[in-house]
Amino acid sequence: MKVPYVPSYHAKWVNSVRRRANVTVHDLGRSVRGHTLSVIELSKGGTTSGGSFVASADSKPCLLIYAREHADEHDSSWAVEGFVESVLAEVDRDGASLLDRFTILAIPLMDPDGAAEGAHDSIMNAFRIGASTVETDAYARFLQQWVDDGNRLDLIVNIHNPGVAGWHAKVVAHPSDAERQQEYAHLKARLDRDCVDAGFIAAERQQPELIDAQYRMCGWASRVFGPGYVGVEVNSRSSKQHLTLDELRRLGDVIGRSCCRFLETASGRRMTEITESRLVERKRRWAFYYGRTDSDLEGRSAIDVEMGLLLNPEVDDWEGTTRFKDFERQFAQLSENSAN
């Protein structure tokens, strides 16, 4: 049996880390069933306490690691928690830490309602136009605000938990991003090597699936803001060697640190450069479609707003954008008249 990681435990744990140095807990609101939705930020010289959005004072790479996109996969939450606890313990013990070089965003339990209900998939594919939920829009608005406030977002790690397997860790997926395939190969090789070096069993000769998880948080954020993402399975009940809870937490720490170290390599810097160029393109499109018009974005889902930028046709000048907006208004008026 796997050790359960339930919403009530998660809430108590988040409150316990809220008071620690170098931690900002961003409370995003409540789920449909009343659970608090939170993102834990670990940083030095970043946002202020209390969850206010303040751009970081430096340009440290930022890693987002989250679990329980599938709400019944408990091992993944313990792994993310283990990474967070290890980084904070390092600060308490040595002063110097991973936070001298990185900013970390962590979500150990993405779908608390699904976890409470024992559901496998409640919100996973809701990062798409017209399908957002209270929960997915809260996460989307946080990431939108985070980036718009000048903070970096360089790599997203989506942690899952399989059924029966003989290994402890497996890189299962990354985008079919032709521009960054070599970088993803280097990331997988590093993750496999670091897990084995730490005494864990990595999946042998397994190539990750190339996917565009455009309706999941990692895929949506990648398309909108440019960062790479990778899906990693963790498994405490390998048929070859079961893991204790402490070992499972340590596995999460190995994965998180491995991904951070990757960002410092030539491949990691190359991935970040591509991210930055895509973020520049987002800003350009935002100025064209929203920045110089009277469009009222108040009350609209952040998912819908950002995806609208991607779905609109490319334009090279403001005159072309104005014509496109005029066409949209005319089409809406014609549709209304026909309905009447």
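Student: How much of the protein chain is buried?
Tutor: Of the 340 residues in the protein chain, 53% are buried; buried means under 20% relative accessible area, exposed over 50%, and partly exposed in between, with a 1.4 Å probe and protein chains only. This is a predicted model, in which local features need pLDDT of at least 70 and side-chain atom pairs count only at pLDDT 80 or more, while totals for chains, interfaces and linings use all residues. Residues are numbered from 1 along each chain as its sequence is written, and side-chain values use heavy atoms, with hydrogens and water left out.

Student: How many helices and strands does the protein chain have?
Tutor: There are ten helices and eight strands in the protein chain. Helices (H or I, at least four residues) and strands (E, at least two) are DSSP runs, numbered from the N terminus.

Student: Which way do β8 and β5 run when they pair?
Tutor: Strand β5 (residues 155-160) pairs with β8 in the parallel sense, over six bridges. Two strands pair if DSSP finds at least two bridges between them. Opposite Gly228 of β8 stands Leu155.

Student: And how many bridges join β6 to β8?
Tutor: Four bridges join strand β6 (residues 169-174) to strand β8 (residues 228-234), and these two run antiparallel. Lys170 has Glu233 in β8 as its bridge partner.

Student: Why is β6 described as largely enclosed?
Tutor: Five of the six residues of β6 are buried, so the rest of the structure largely encloses this strand.

Student: Changing topic: at what angle do α6 and α9 pack?
Tutor: Helix α6 (residues 217-225) and helix α9 (residues 302-311) pack at about 50 degrees, and their axes are 10 Å apart. Axes are lines fitted to C-alpha atoms, for helices over the stretch in contact, and angles run from 0 to 180 degrees between N-to-C directions. The two helices are therefore oblique to each other: angles under 35 degrees count as roughly parallel, over 145 as roughly antiparallel, 65 to 115 as roughly perpendicular and the rest as oblique.

Student: Which residues make that contact?
Tutor: From α6 they are Trp220, Arg223, Val224 and Phe225, and from α9 they are Ala302, Ile303, Glu306, Met307 and Leu310. Contact means heavy atoms within 4.5 Å.

Student: Which helix holds Asp194, then?
Tutor: Asp194 is in helix α5 (residues 181-197). Not counting residues up to four places away in sequence, Asp194 touches Val254, Ser258 and Arg261. Asp194 also counts as buried, at 12% relative accessibility.
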